[in-house]
Each structure stands twice: as structure tokens, then as C-alpha cells.
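Visitor: I would like to go through this model contact by contact. Please show it to me.

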Amino acid sequence: MWTRAARALWGLLLLTALDLSGCLEVTVRPDKHSRVMVSTELPPDLCAVCKISGVNDTEVSCSGALDLLPEVEVKLLLNCTQPVESAYSVSLSHRLECSTDACRPSTVEAQMSILTELSRTFTWDVTAPEKTAVYLDVLGEGLVRASQPCSDGIQFALVDSQRGSQQPTQYCRGGSQTRLELTNQDVVVLQAAPKAQDTVVFQASAGPLKGKTFVVSIDSGTTVVLNPQGLKCEICTATGSTPDCSSGEKTLTNVANLSVEFGCKTPQDVFSVSMSKKIECTQSSCTPAAAEVDPDLFKDFERSLRWDVGVPDRTELSLDFPGDGLKEISAGESCEDGFLYSVSTTKNDGRIKTSSYCRGGMVSHLDLLRATTVTVDAPKGGDVEKTVFSIRAAPRASRMMSVTPDPDTIITISRQSAEPDCSVCVGQPPNQKCNDRYLQLRDPRNTSVEFTCPQPQDLFTVEINREIDCTETSCSGDIVQAETSLFPDFNRTFSWDLKVVSTHAFQLDFPEPGMRQIPNGETCPDEHTYSFLVYLRSGPVGVGTFCKGGLVTSILARYKGRVSLEVPGYAKLNPVNFKLKVGPETDKVAIVKVNLPRGVSENEFISPNYPGDFPDLQKMQWDFTVPDMHNYSVRFLDHSEPECLDGDVTVEYQRDDKKPTTLSLTDAQPEHQQGSFSMLLSNCETNRTLQGLALKYRVSVMRSGHPVLCTVDLTKHKGVSVQLEKVGSDPYCEMSIDSQVQEKIDVAAGSSAKLSFLDCPVEDVRLTASQLIECQNVASCPASVLSIPTLDSCLRTPLRNFTWNIRIPQSGTVDLVSPAGTLKQSLPALKCRQAVTLHVAEGDGFPVGDFCSNGTLQKVQVHANVSVTATARDFSKAKGPFLNVSVSREIKETIIYRVSPTLTSPTLLATPNWPKGTKPSSTVSWIVAVPSGYKAHLHFINVSQPKCQNQHTAINVKMLENEEEMMSRNENEQVEDLLVPNSFYLNMSNCIPEKGDFGAVTKITLEKTSNLLAIALGIAGALLLSLIVLGLVCFFTKKKQRDKKNKEASIYMGKGSIFRPGDRHFSKSRSDNESHVYDSIDDTMVYGHLLPDSSYADSLSDHYKGSQPDSYRTFTGTANNALPIINEPDPEPEMDGFSTFLSPSDSFMPPRPRTPISRQDSLGFQDSRMVDNELYTFKSTGDINTIRLSAADLEPQPPVTEDSL
């Protein structure tokens, strides 16, 4: 009584403690032959399965799981803190017992109405005799295989006892399969989701088990083995009247139409199939030549197909795989489609190398050596190609070499890996010795070396070692050019073992430009990598790894060492020629000498063995040579400081004769110091269980001088750009623009730049400048004056030349005129001597010529873009203007020269680019203005004619006012001299030359024109005029003598006083009297004081001996200062309108005819070259430039215009 009450109380307490969020009370009655279990996996304090019984349901017993008996009604209480449908599960177990012909129960029905709120699992365990099949026929909707959960919440699963529960077959409703075939110990599972209540019914039956039968044919070269996988399934073959049955391994070979019967319903789940074949090869062929297989033979089984290929020695196999090729995989990987290819090769030492592949890759061909096995693993139902691969055999390619080592030289041939198969052999068969890893040659005789593969350079490396033994003063050998004929296409290591007596050191001197240290393990850019090793008692020490082209000039190391050079096989050998000598005794591991460069540089160095440990109690020294006017700084980039057991790690600096400075690794290192120095690194005795000493540092060098700064501002000069270029031999001259060092600086037009010059002499920098002048329309192109703008004064380098690039429209012409009046073309025989020379070229760079001022060219016209380059010895004295530039309308010719020949000397006319040829298909013209009264003599002094490929050359001459040509010649005709009476037109045209150049130099000489009639008339006119003048002179002379007697006169006396005899003025002006008329004037008396000496005047005085009555002398007055009395005659009465000469219109003489004289010969003009001085001499030797003095209407000479052409 107490126990029953206690149980009820405990149940009530449990129900109170549980969260009532999930609670279900239900009455359950399992069917007959059904065992039901309700359970939860949650802890009892969260969920429980309770059974309610007793009077008024007062008894409650709870647990985590509860078994319900068949056909016994039970009231359950499911109470949980979680939803009941996810917290509980229900399993319903059944047994289906079958005999050889029936099952009990015969109708299998799932009790879907039980606990519908929960997930339920129905299971039927099948028991049946051996060789009995159990059939479940689905009543109602059929089944279909599925791999995903079923949509209606009802899912079937069949667990095959032969395969195990790991691979159940799943089904959903809604298919065509209505029968399930089972055997003993198979299990049928039905999973129903909550709320699923559809009826599921099977009809069970039994009968004899019928196994699967295969009919196979297997040739004699194929062996098939059926391997059971641990499960029992009898297999029978009908080889005779009595079947051969067994449940173990079965081997089949050389059978035709053999019946193979399996005693289980799914033999593919019990057996695997192995098929093996043999392929025998000679050195030329294989039998069979292809690996073929029956694709349908045991296709439903897992198959392993194997081909064993036998091959003789030194034979190479070639395997070709059809289809999409293979993809190599690593060991342990699997293939997605289940097909796995394996290729195994047996090495000569018995080892086997296996490579694995999957389908679908780039590998379609394999070359193999020695015996090979090919295996293909195919999954169940996989489609295998009929021809898996084809195979060919051929003699293995090898490589034979003849090697003769030098004396004291050891050649070692070795390889690191054993793959692929290749051996190195020495000698001849049958006494040939082979090794697949290592071979060493010592004898200095011809030796045959054979490699058993065609590309041994990809596998083997060669080390060529030479020993050099040195005495106290010299060495028996020298490190010279390495032997290039030995193994040129192999990766080679040349090594020299150096040895001196124990009290000395060996020294390696490197030629220019020295060596550069790099981190250990790296490779040089030229693939020539050097390493230096020193042997100490404690072991070898790596001094460093070096490349060609650096700052290290020599290395001094003690006792014994090794120099190595590594060169790859594809690199051409070009080693450094080291110089080896015996050095002085030293206690350092090594002494490295470094020449630091001029300028700014940063160079890194490392301690021996870096990043490993520097040996204990050892020293390493670096000697740095620092250039003058430079500062150096030392900075430690990386270091590890050891734990010292004895002594300290120190860094000692020594400069010249100064006291050394000793620092630690953590102290501040020298900065901005001058002068060469040595750095000594000393190690202590360290705790070798910890990290040792290692140091990586940088030495920086910079100039101590100050740069010359200059800011160039071109924004104020339109189109002007400046170029600076280093031309000197000083490599330490440093130019920079905006802090960037450059060999050539270009300051663009319209920009501003900050320049810097460091250690750059003025003569080592070339300064040039240019200006762009362009216009787009001929009508609007303004005239320009070419003059050099003032550049920034901070540019101390003198300007070498200045170029004006003139860009005009295609329909325009550039007109060049000298501000001085004329231009002169510089020729080899007539060079310009002026301070400034102008080089004129077309826009494409073709030269027109060099010019200067004061010549015979009035104007030069170029029908193209033009560049004018002015060159002067000193532009500070000649800034221009140099040329006047204007743009005119288009001309037909390429170039037109307007020429005014001089009267005093011949004029030379040369084609552009003389003495070289003119541009092909170009035309050049000269318009020559011949003065009136002169004729021009043309002399072609030098004409070069080409061989024309197309068109012809032409030389034409015609007068301006006449269209008729005076001369026309081509390249095949001789050019002769010509006399032209007036201004003329000279034209020269070039062809397209095949060979040679076209050019010419023409000399023009002016000659006066003779006219006999004009001379006769001139003489007659002169005689008549002389008679008239003589009569007039006589008449006026007598008249003046009469008037002179009655005139008063007053003369100014230099030492007296002024007096006037009468109050009247002079009755005659200076133009009326003859006080200014002299019989003769002695030039030496007038201008003698301007002569540099009086020798000429003295010679004249001897000639005249005394007074010279016909010379002018200054009146000095009387000796006694008394003024003379002069009586002037009375004045004559004046007559109105009296004139000595008549007006030309009233005169009986006819008017003077116009005389064709030039302006410079006219009295009405004065030459502007005359200077207003005492001598009234010329101020220049240029052409005549007249100034009009008279208002007389002189008719000018008609100018030569373009219209007259």
C-alpha cells in the first residue's frame, strides 16, 4: 500500500517538475506479432515516457524508454520540455518467418494508426532456409528507387544481409516496382513521419532461390579471377556433366561459352573480378600491340584489369591512351567516375615506381623504361574502352660522350633523385659499369661515358674540381677560364680547392668591375654564381655568395679554402678570371676589400654563414675605401647576439691612423663620417645550444658637396624648351630634374622645373634650346623675328645652339630674310667667318644649308616646315635678331633664292645640302637680279649628275622678261657656260636617283655692257658743254674783277680787333664771292694730323722746298699786330631780276636728256655707309644703301617682281 502510494507521489512530482510545453497522453494497443518501443534520447529531467495505471490513474511509472507488449492496451503520458514529435521516437519490430514455400504472416501490414503524432520506424526481420527466396508483393501503389527523402513522409529501405546495413536500397511510393526479393536475414524498413497514416500492405511468399547465370568466353592469354568479398555465395561452372561448384575463389582462362552460375541474387555485391593479360615486347615490337578487353565481360562487377608488359634491357616503351587522355593524381586521391589507372615500372635495383591517373586530362602518351604493369580499376557498370591503350617498343635512346679530365682534376657526375630511370656508365660492354646515381672520373685519359637516357642533362649535374697547392711565395696553378668543352649542356659546378702553408693566407684579386655579394642561396642575374668557403678547425665557413659586377675587389682567407662557380646547362660559360697569390699571415677568417663608388649608393654585406652562426672566437674584417668628398654611414639591418660564455661580441672601426673605436651590436654605428675605414667583427665563446652570432648591415655613401640648384621657368617664353645633356667623361657628374637623376634633361615648353647639378663642370654639360613657331592659316600668320630669349641666369652652362622649329600650313611658304640685308651661304670653299652661323633644314631634317649675314641672297623661300639652328661661339654677345621670318603664299618650287650679285667679286650659287645631293624630286630656283648696264656670265664649275631611276634632272636658264629658255639640260647632256644680258631665272630639278646624287655650284660674274654710239654721243656732248662753260667762265671772271675794286671788306684777325670801314654790310654773300675757291688743296696739310706718322708728309716737304703757292694756309695775322687798311670799292647799283643764267624754259639750249644712271651715282643721293667724321669714310663694307639728298625727280630702276616671272 505504501509502495503504490510512493510511486504515485513520485510520478506527480516528476510531472510537476517537467515543463508542460510538450505533453501527450495517449492509449496504445500494439498488434499481434509486433513489439513497440517508445523512447527519448533526452535526459530524464527533461523528457520522460510515463505509464499510467491503477485506480483512477493514480499509478505513474516513468523512464527514458518503454516496451509495449503485443495486444496489451497501455495508457501513456509523454511529457517533455521539447516538442514531442521531435523528442520521441517509436520503433515497431516484426518478424517474417518463411519456409521453403510459405511465409508467416502471409500478409504484412504496418500499424500506421499507432502514435501518429510521433515518427515511427517499422522493421521486418526475414528468416528463411538457405537457397530460399522471399518475395514481398506491394499491394497498392508501386515503389521506385530513391536517394532523397520521400515527399509523402513514407520511405522504404531494404537492407541486404550480404552487403550489410551500410548500403541499404531506398524506395518511395509512386513507381512501377511491385515486388521486393529477399533472402535470409534481410531486413525491410518503413519510416513514417508524424501524421502519416496511409495503409501499407505487403503479400509475403517464398520459393527456391534462383541465382544469376553468365555465359563467358576467355582467351588463353587472359586470366579471370572471381574473388569473394567475405560473404558466402556458391558459384558453379558447367565444365562437364557435373557442375563444378564452390563458394571460394574461382579462376577462369581459355574457355569458350562457359556458363557461370552464382548462388546468390546479387553476385556483384559478393564478388570482384580481376582480369590479367601479358604483353611481350622485343626491342622493335610488342605482342599484342594493343591492350584490348571485352567491355561487357562481368560489367556489373567491380573489375580490375591488368596488363603485365615484359621488355628486354635498353628498350623504351611508348603507351598511347585514346579518348580524352589521363590526368595524374597523387597517392591516396580518388577519381570522381571511379576509374583509376595505375602504371608501375620496375627499376634496375628492384624498386617499383607507381603513378596514378584519372580519366580526362592532358596525358595521352607515356614513355617508359624497363618492365611495366598497367592496371585499370573499373566501377560496377562502368563502360570500359575496348582498346585501353596501344603499345610500341623501340631501342632505348642513350647518349655517349668522350671525356678527358685535366691533370689534378676530378669530375663527379651525380643526381639527387632516382626518377626517372637513367644510369651513367663508363667503359664498353661487356665490361661496362653503370650506376644510376653517381660516377667519378680521375684519370687524365680519354674515357667513354654513356647515359642510358636521351636527356641526361635534365637529371645529372657535373662537378669539375681542381686542386691548387701554393708554396710560401707562389701557387702551382691559377684560377683561369674554366674548361668549356666538358659537359656544356649540363648543370655544372666548377670548384677550385686552394691550399697554402698554415702560416700564410691565399688572396683572390678580382678584375674590374669587381664582385657583388648577394644573400646565400640566391642566383646571379647572369646565372654565374660564385661562392667562397674557408676551412677552419671547427668546420667549413661560407664567406659569402657573389656575382660579377660589384664593389668587392679582393678576398684574403687563411690556410685552406674553396672557390665554386655554379652555371646552369643552358647558359654560355663566361667566368671571371681570378688572380690567385699568396697573401700575408692573418688571424681573421677572411678580409674583404671593398671600393665604395662615388655618388649616392647603398650596399649590403653579411657575416659568414649568414643567416647561420658565425664561428666562435673568430674575426671577420671588411676594408672599405671611401672616395674623397663623400660621407659614409653604417646601419645594422638584422643581427642576432649570442649568449657569451667567455668574452664579448664587438665591432671595431679603424680610420687611417686614428685610434680604433670599439662598439657593441646595439650601439649607434658611425654616421656621416669621411675617409676610408676598416670594420672588424669579433665573436665570443658562445652557448651553442642557443642561437649564435649573425649580422647583416648596410653601408651608405653620399656626397659631401652641395649641388647647384636652378629653377628653370619657361612659362614666360612661348614655345621655348630647354635640353641639357651630359657630354663629359666625368662619371660622377649628376644632373637631376625634380629630384630624379637623369643623363639627359628636357624641360618642356610652358613648364617649370627644378634642376640640380652636383660635381658637374660647365664644359661637361651641353645646353641647347628650341622654340616652336607655328600658325594655322597663311593669311593670319604674323611675321616673326628670330632672336634668342633670355634664359634663367642660374643656367651657368653656355648655350651651344638655339633651334626655331617653324610649322606652317601646307599651302604656305616660309620666307627668310636677314635683318642685316642679305644672307650668305656657307660653302666648303667660301665658309662663313661671322660669329653666328644659321643652319636651315626642312621639317623632315633634310638640310637646306648653312648661312650667315652679308652675302648676295636677298631672300630664301622654302615650301615646307623649316628648322633654323643658330650656333655661335658666345651667345652672350650675339642674341639676334638673326632672321626675319614671314609666311607667304604657296610656291611651285621647293626652294627659291633671290640673288643680287656683287660688282666687285664673283657670286657662287650652290644647291641645298651641298656638297651632298639635293632631295629626290625637288626643284630649286634662283632669281638673279643683274644691274642695268651689266651682263652676267654663268660658269657651272661643279655639277654632279646621278643615274636616274625615275624622271630626269634638269638645269634651265631663261630671262625674266622672256619666256624662251636660254638653256635646258638633263643628266645626259653637257652643261656649258652662258652669258645672260639681263636678270634671269636659274632652275634645277632632281629626279628619283638610282645611284649617285644631284648637285651643282654655279659662279656668276658681272661684266659691263659696251655701246659705241653712246660713247660717241657722250664725247660730242662733252666737248660742246666744255666750250659753253669756258665762255661763261671768261665772262664772269672779267665782271668780278671790275666789281672787286669798288667793294668794301672787313676781315677778322686772330690777334687784332674787328673793324668795319663802313657801316654797310658785305654786299656779296659767300656764294657770290670766291673766298672759298682754292686753286689746289694739299691733303697732307689738311689731314696730315690724322695720319699715324708723318713720314708721308715729310717726303712731300722735300719736294716743294719752300713755300707752296698752290696750297692753303691759315692766316695768322701781321707780326706787329697792326691791322691793315683795306679799301673796298663802291657798291654797284642792284638791278631787279638780274640773273646770270636763264631758266631752262627761257634758254635757247634744249633740256638735258634723262641719263640712265643708278641712284648711287646720282648727286641727289648720299651713301648711308659714310660716317660724319673728318675723313668722311665708310663705316662698313656692306652693300650700297643710298639716302636721298635731293628733291629732284629721279626715275628709279624698275624692281624685279614675282609677276615678271
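This is a predicted model: local features need pLDDT of at least 70, side-chain atom pairs count only at pLDDT 80 or more; totals for chains, interfaces and linings use all residues.

Guide: Residues are numbered from 1 along each chain as its sequence is written, and side-chain values use heavy atoms, with hydrogens and water left out.

Visitor: How are the rings of phenylalanine 214 and phenylalanine 301 arranged: stacked, tilted or edge-to-face?
Guide: Rings of Phe, Tyr and Trp (its six-membered ring) pair if their centres lie within 6.5 Å; planes under 30 degrees apart are stacked, over 60 edge-to-face, the rest tilted. The whole structure holds 29 aromatic pairs. In this one the centres are 5.6 Å apart and the planes stand at 65°, so the pair is edge-to-face.

Visitor: How many residues apart are phenylalanine 214 and phenylalanine 301?
Guide: Strands here are DSSP runs (E, at least two residues), numbered from the N terminus. Phenylalanine 214 is in strand S18 (residues 213-228). Phenylalanine 301 is in the loop between strand S24 (290-292) and strand S25 (302-310). The pair links distant parts of the chain, and the separation is 87 residues.

Visitor: Is phenylalanine 301 buried or exposed?
Guide: Buried means under 20% relative accessible area, exposed over 50%, partly exposed in between (1.4 Å probe, protein chains only). The relative accessibility of phenylalanine 301 is 0%, so the residue counts as buried.

Visitor: Which strands do phenylalanine 636 and tyrosine 697 tie together?
Guide: Their rings form an edge-to-face pair, 6.3 Å centre to centre with 65° between the planes. Phenylalanine 636 is buried at 15% relative accessibility, and tyrosine 697 is buried at 0%. Both belong to one aromatic cluster, including Trp622 and Phe677. The parts they tie together are 61 residues apart in sequence: strand S51 (residues 630-640) and strand S57 (residues 694-703).

Visitor: Which ring does the charged end of arginine 359 sit over?
Guide: The test asks for NZ of Lys or CZ of Arg within 6 Å of the ring centre and within 35 degrees of the ring normal. The charged end of arginine 359 is 3.7 Å from the ring centre. The ring belongs to phenylalanine 339.

Visitor: What is the closest N to O distance between glutamate 725 and arginine 766?
Guide: A salt bridge is a side-chain nitrogen of Lys or Arg within 4 Å of a carboxyl oxygen of Asp or Glu. Glutamate 725 is in strand S59 (residues 720-726) and arginine 766 in strand S64 (residues 765-774), so the bridge ties parts 41 residues apart. Both ends are partly exposed, glutamate 725 at 30% and arginine 766 at 31%. The closest N and O atoms are 3.6 Å apart.

Visitor: How many salt bridges does the count come to?
Guide: Another bridge joins glutamate 842 and lysine 919 at 2.6 Å, N to O. Glutamate 842 is buried, with a relative accessible area of 8%. Glu602, Glu604, Lys696 and Arg698 are linked in a network. The count is 32.

Visitor: How many residues are in the largest nonpolar core?
Guide: A nonpolar core is a set of buried Ala, Val, Leu, Ile, Met, Phe, Trp, Tyr and Cys residues joined through side-chain atoms within 4.5 Å. In the largest one, Leu724, Leu755, Tyr897 and Phe984 touch the most other members. Another core of 75 residues lies apart from it, with Trp496 and Phe624 among them. The largest core has 78 residues.

Visitor: What is omega for the bond joining arginine 104 and proline 105?
Guide: Proline 105 lies in the loop between strand S8 (103-104) and strand S9 (107-109). The peptide bond is cis. Its omega is about -5°.

Visitor: What is the phi of phenylalanine 487?
Guide: Phenylalanine 487 is in the loop between strand S39 (461-469) and strand S40 (491-499). The residue is buried at 1%. Phi is positive although this is not a glycine, at about 50°.

Notes
Helices (H or I, at least four residues) and strands (E, at least two) are DSSP runs, numbered from the N terminus.
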